[in-house]
Amino acid sequence: CNKEITKNKLINRINLLSGGITLYAKIKLDILISMTIFLISTVISLYIASNTEHLGYQNLFLLPLIYGIVYVLFITPIRGRLNNIYIYVFIAVSFSRYVLLPLLITITKYYGGRSSTPPMDESFRTAIYLMSYEMIIVFLFSYLIFRKYKAPINGCSIKYPKSTFVYLIFIGLSLLLSFMFPQSLKSFSFLKVSSDFADLGESSFFITIITYLLVTAKFLFFLLIMNFFKKRYEKSKDKIYVILSLLFVLLNITIFFGNNRADYIITTLASILLFFKLYPRFIKKSIIPLVIIAVIVTSFINENRNHSTLSGGEDGLLDTTDNLQIYLAGPYNVAISIEAAKFNQNERNILHLGHELLRPVIGLNVILKQFDIKSTSQFFNERIFYSDHMSQIVPMIGQGYFYLGFLLSPLIFLLYIWLVKILIKMRDKYNRIDMFFFLSIPIARMGLAMGQNGAILANDISFFLGLFFIAYYFNNRILLKK
């Protein structure tokens with residue numbers, strides 16, 4: 001008995017020592033990453049300060065400089081705590097926006113954008129100050145609400161629905177409607193966007209509803225199959241179920257809805273993350289084929305969209321700078337949004353902000369579309385094109401500036417960060433395969449928030465969660481007795 005007690009004590013000490021070594025290595029890695037980002041940001045800031053040639057961009061060096069500081073102060077302490085898709089997407093997007101984009105602007109000397117009339121130098125200076133202020137407030141707020149976050153102890157395990165009856169009925173009904181109205185399938189593609197592709201909303205209202213049902217049904221079917229394979233694997237430990245799960249993930253990400261790159265990438269990430277969650281031991285062996293397929297499909301979507309580039313493909317660096325300026329809300333687009341606000345002072349009614357954020361929500365849009373109120377995106381595009389042409393996204397910070405002014409401009413962004421915390425806590429609490437997958441989509445999407453705006457995020461979140469929450473509720477309430 002004494003030998004057994006001594007043995008257990010020895011094992012406990014070894015485990016404690018191993019845990020201490022792992023924690024020490026993790027702290028060292030966090031420090032190394034933080035110092036690397038700080039040094040890169042500082043060096044780039046110095047380079048920009050000595051090479052900027054545009055008067056309005058004279059303070060562009062502030063963006064990477066401040067980024068390096070606030071990353072160390074506010075992101076480093078919470079990165080390890082969160083350790084999820086949101087924080088990594090947020091870091092990648094913020095680094096690209098505040099460090100990489102200013103560097104590319106300086107290297108290419110491309111200080112322009114899509115408008116035939118560029119913003120005034122004063123607007124550029126205000127835009128850089130506004131972006132700096134947004135960065136400080138957003139990073140500080142992120143630190144304050146996530147600093148006490150603790151990942152669940154049973155984070156590696158996952159629960160399964162007690163019943164799938166309602167999910168099966170939902171899938172069956174959706175398939176039946178699709179057979180009756182096959183035009184609803186035109187929004188789906190395999191591997192590359194189909195030749196007769198029709199985007200959601202291009203057909204009648206009834207067909208749009210059926211297509212919406214099919215999107216949710218597709219993901220529910222994916223989850224039921226993954227649920228089935230995982231349970232079989234837990235009973236038999238046969239790797240054939242891991243292989244089948246991997247193949248089904250590959251099938252799921254090659255059959256996709258719409259032609260929006262961000263939507264595809266985010267839902268693909270959610271699918272891959274679910275596989276990693278279910279089979280953490282097989283991450284290294286599966287990551288290469290998953291990434292290859294995702295890149296191939298994304299390239300096909302890019303090819304289909306066929307966007308004209310600034311240089312016509314002759315200067316890749318210039319085209320990259322232009323694209324980042326547009327999709328990550330660079331100084332040029334923020335300056336445009338500032339001027340859109342100045343030119344439309346009488347339209348800056350805070351009551352219209354509620355309409356703008358709620359109108360894209362699935363369900364509410366049917367009611368609120370009856371009110372003819374112009375959005376910030378319309379004012380933003382009018383400033384760019386001086387017409388009713390709509391193709392550019394007003395930045396989140398520009399939207400906030402339009403309605404709330406300089407000081408309160410980050411408020412919309414902060415509300416979405418707060419929503420991220422709610423969704424992460426909900427996902428941790430239930431830790432169920434269906435909740436994990438569906439909640440991972442908006443959680444990841446909001447990591448892109450600084451390049452989006454409140455209206456787009458409201459639409460995406462309600463689109464992916466609306467029908468699912470209804471199906472989830474009834475699936476939990478209706479249980480078949482064996």
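Axes here are lines fitted to C-alpha atoms, for helices over the stretch in contact, and angles run from 0 to 180 degrees between N-to-C directions. With that in hand, welcome to a short tour of a predicted model, in which local features need pLDDT of at least 70, side-chain atom pairs count only at pLDDT 80 or more, and totals for chains, interfaces and linings use all residues. Residues are numbered from 1 along each chain as its sequence is written, and side-chain values use heavy atoms, with hydrogens and water left out. The helices named below (H or I, at least four residues) are DSSP runs, numbered from the N terminus, as are strands (E, at least two).

**Helix packing**

Two packed helices are described by the angle between their axes and the distance between the axes.

*α6 with α7*
- The axes of α6 and helix α7 (residues 240-254) come within 9 Å and cross at roughly 170°.
- On the α6 side, the contact (heavy atoms within 4.5 Å) is made by K218, F219, F221, F222, I225, M226, F229, R232, Y233 and S236.
- The α7 side supplies Y241, V242, L244, S245, F248, V249 and N252.
- By class, the contact of α6 with α7 divides into 12 nonpolar, 3 polar and 2 charged residues.
- In this scheme Ala, Val, Leu, Ile, Met, Phe, Trp, Tyr, Cys and Pro count as nonpolar, Asp, Glu, Lys and Arg as charged, and the others, Gly among them, as polar.

*α5 with α6*
- Helix α5 (residues 165-180) packs on helix α6 (residues 205-236) at an angle of about 135°, with the axes 9 Å apart.
- That angle makes α5 oblique to α6.
- α5 and α6 have a left-handed crossing, meaning that the near helix is turned anticlockwise from the far one by less than a right angle, while clockwise would be right-handed.
- α5 contributes Y167, L168, F170, I171, S174, L175, L177 and S178 to the contact, and α6 contributes I210, L213, L214, T216, A217, L220, F221 and L224.
- The residues of the contact of α5 with α6 are 13 nonpolar, 3 polar and no charged.

*α16 with α18*
- Helix α16 (residues 411-430) and helix α18 (residues 454-477) have axes that come within 12 Å and cross at roughly 25°.
- α16 and α18 are therefore roughly parallel to each other.
- The crossing in which α16 passes α18 is left-handed.
- I412, Y416, L419, L423, M426 and Y430 in α16 meet G454, L457, A458, I461, L465, F469 and Y472 in α18.
- This contact of α16 with α18 has 12 nonpolar, 1 polar and no charged residues.

**Salt bridges**

Side chains of opposite charge can pair when their charged atoms come close.

- The whole structure holds 9 salt bridges, each being a side-chain nitrogen of Lys or Arg within 4 Å of a carboxyl oxygen of Asp or Glu.
- One of them joins the side chains of R97 and E134, at 2.8 Å from N to O.
- R97 lies in helix α3 (residues 85-108) and E134 in helix α4 (residues 121-146), so this pair ties together parts that are 37 residues apart in sequence.
- R97 is buried, with a relative accessible area of 0%, and E134 is buried too, at 1%; buried means under 20% relative accessible area, exposed over 50%, and partly exposed in between (1.4 Å probe, protein chains only).
- E382 and K374 form a salt bridge at 2.6 Å, N to O; E382 is partly exposed at 28%, and K374 is partly exposed at 33%.
- R445 forms a salt bridge with D460, the closest N and O atoms being 3.0 Å apart.
- R445 belongs to helix α17 (residues 433-445) and D460 to helix α18, so the pair ties together parts that are 15 residues apart in sequence.
- R445 is buried at 6% relative accessible area, and D460 is buried at 9%.
- Salt bridges that share partners join D263, R445 and D460 into one network.

**Two individual residues**

- S116 is found in the loop between α3 and α4, and counts as exposed at 67% relative accessibility.
- The C-alpha atoms of S116 and R383 are separated by 9.7 Å, although the two are 267 residues apart along the chain.
- Not counting residues up to four places away in sequence, S116 touches I384 and Y386.
- V72 sits in helix α2 (residues 62-82) and is partly exposed, with a relative accessible area of 25%.
- V72 and M35 are 7.6 Å apart, C-alpha to C-alpha, and 37 residues apart in sequence.
- Leaving out residues up to four places away in sequence, V72 touches S34, M35, F38 and P77.

Key
Parallel < 35°, antiparallel > 145°, perpendicular 65-115°, else oblique.
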